[in-house]
Amino acid sequence: MALETALHSWHSSNGARMVDFGGWDMPVQYTTIVDEHTAVRNDSGIFDIGHMGRLKIHGPDATSFLQMICTNNSANLKPGQVRYNLVCNEKGTILDDILVYQHGSDFLLVVNASNRLKIVSWLLSNVRSLNVQIEDQTLSTSMIAVQGPNAIALAKQLISDDPSKLGYYFSVDSKTMNVPSLISRTGYTGEDGIEIILPKGEEIKVWEKLVAMGCKPCGLGCRDTLRLEAGMPLYGHEIDENTNPLEAGLGWAVKLDKGEFIGREALVKEKNTPSGRVRVGLELPGKRIPRELYPVTQNGAALGKVTSGTFSPTFNKPIAMAYVPANLSAVGTDLDIDIRGKFEPCKVVSLPFYKRKTT
Amino acid sequence: MDPIKLRYAKTHEWASVEGNICTVGLTKFAVDLLTDVIYIDMPDVGDPALKGDSFGEIESVKAVSDIYAPVEGEIIEINDKLVLDPATISKDPYGKGWLVKIKMAGKPNLDHLMNHAAYEKQIASESH
């Protein structure tokens, strides 16, 4: 039986097409992917991301615990700061990519829906003698993302602390329509915006208010095309337990010099003798769309595989991310993608495909 | 075209016969599921159409689907307008959004295809 967020019945009664995603019955689209994508790029969109796992880490050893579990540094987070992080196994491959929020004397982890139970048991099995408690708050809270160039201006009308004063990747305990909520200047779309965590049951009035103010309801379909344009990896596609952070282009989130952590030894080896494949962006001049697992080729020989591909609504052309050999990963390299038996030319381009203009 | 009078394949193509010429398109149910149609790969005029075999594909942001020939024969015309403006198939699937015309081999017969009521029943079960 699929899990449902608190907004599930709103989605169903407002024309959403629902799909299973990481064990949750979630809206993929209300209108069309392109329509919702465009709203987020040009105006504002609102997403139910209640399916994302929210795990609270308490206790005097919380910092040393996270330092052991994750590849990035959590010891030097400023109050309220949020940081992208990776959980690796001993082989140095990726169990999940997460956000770590510094929150008072605690930390909050936002993990992928599909990995929540795996990560909870991974955390529990690695507590050992540390004085740390793990509390899964996913089912008692809701989470909403408001994204787009007009997102902050809309949301600030409902929030007691002005989110436009919040630094990028910082969070604050505030009130949204008088409901205690954690606001963060984060997102997964490549646009400015915020994500709001609030008690379950309180999300519906905030959601309906923002929709009434002109924020377009958006499904996971455009969340995927938006993150792809922004060059962000999606767990299960660009990254998984067979991928290490360095080949995935996430070496910036691996701090080998911060001290011991799970996977460090393997990642030091990987750094000295790389796997030889890297994640790249690909662009195609035609209209046919490369999809996940399609072979990337050169002169008919398979070199790698597409991890995600779509038709970019912003650039009006097909784009993809793929793993290719490092010696063929330079921007401008001409490759082909085997699209159902026909080789379509493509070019390596720099990631991200889309970068918002910062004001 | 009046959807009530069309015949339907399980794979969501519709067919309509005049003389021995069969016009083929995709149903509204199918194009609504696809949404955001980006590209339609058409066969060439003169290509054979083999019943149940793919003669083209329709690509949307979300997915790609094969288009299957509901009847046997020869492709005698393709809807060029769809190649230039694939969104037409979403706007008018039973009219301007037709895909190809097939000159049917042998005696024109659509008995192997569903009528409207049977197709409605199929999509009702698929939407759940």
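Let's start in chain A, at Ile46(A), which sits in strand S3, covering residues 45–48. Keep in mind that what you're looking at is a predicted model. Ile46(A) counts as buried because its relative accessible area is 0%, and the cut-off for buried is under 20%.

So who are its neighbours? Leaving aside residues up to four places away in sequence, Ile46(A) touches Ile144(A), Ala145(A) and Val146(A), along with Trp207(A), Leu210(A) and Val211(A). The list of contacts also takes in Cys215(A), Lys216(A), Pro217(A) and Cys218(A).

Now hop over to chain B and look for its open sheet. Six strands make it up, in the order S1-S2-S3-S9-S8-S5, with antiparallel pairing. At the edges you'll find S1 (7–8) and S5 (48–49) of chain B, each of which pairs on one side only. In general, strands of a sheet pair through backbone hydrogen bonds, either parallel or antiparallel.

Zoom in on one pair within that order: S8(B), residues 73–78, and S9(B), residues 100–104, run antiparallel and are joined by five bridges. In one of these pairings, Glu77(B) has Lys101(B) in S9(B) as its bridge partner.

Chain B has another antiparallel pair to visit. Here S6(B), residues 54–60, is linked to S7(B), residues 64–68, by five bridges. To get from S6(B) to S7(B), the chain passes through a hairpin of three residues.

How values were computed: Residues are numbered from 1 along each chain as its sequence is written. Chains are lettered from A and ligands numbered from 1 in the order in which they are written. This is a predicted model: local features need pLDDT of at least 70, side-chain atom pairs count only at pLDDT 80 or more; totals for chains, interfaces and linings use all residues. Side-chain values use heavy atoms; hydrogens and water are left out. Two strands pair if DSSP finds at least two bridges between them. Helices (H or I, at least four residues) and strands (E, at least two) are DSSP runs, numbered from the N terminus. Buried means under 20% relative accessible area, exposed over 50%, partly exposed in between (1.4 Å probe, protein chains only). Contact means heavy atoms within 4.5 Å.
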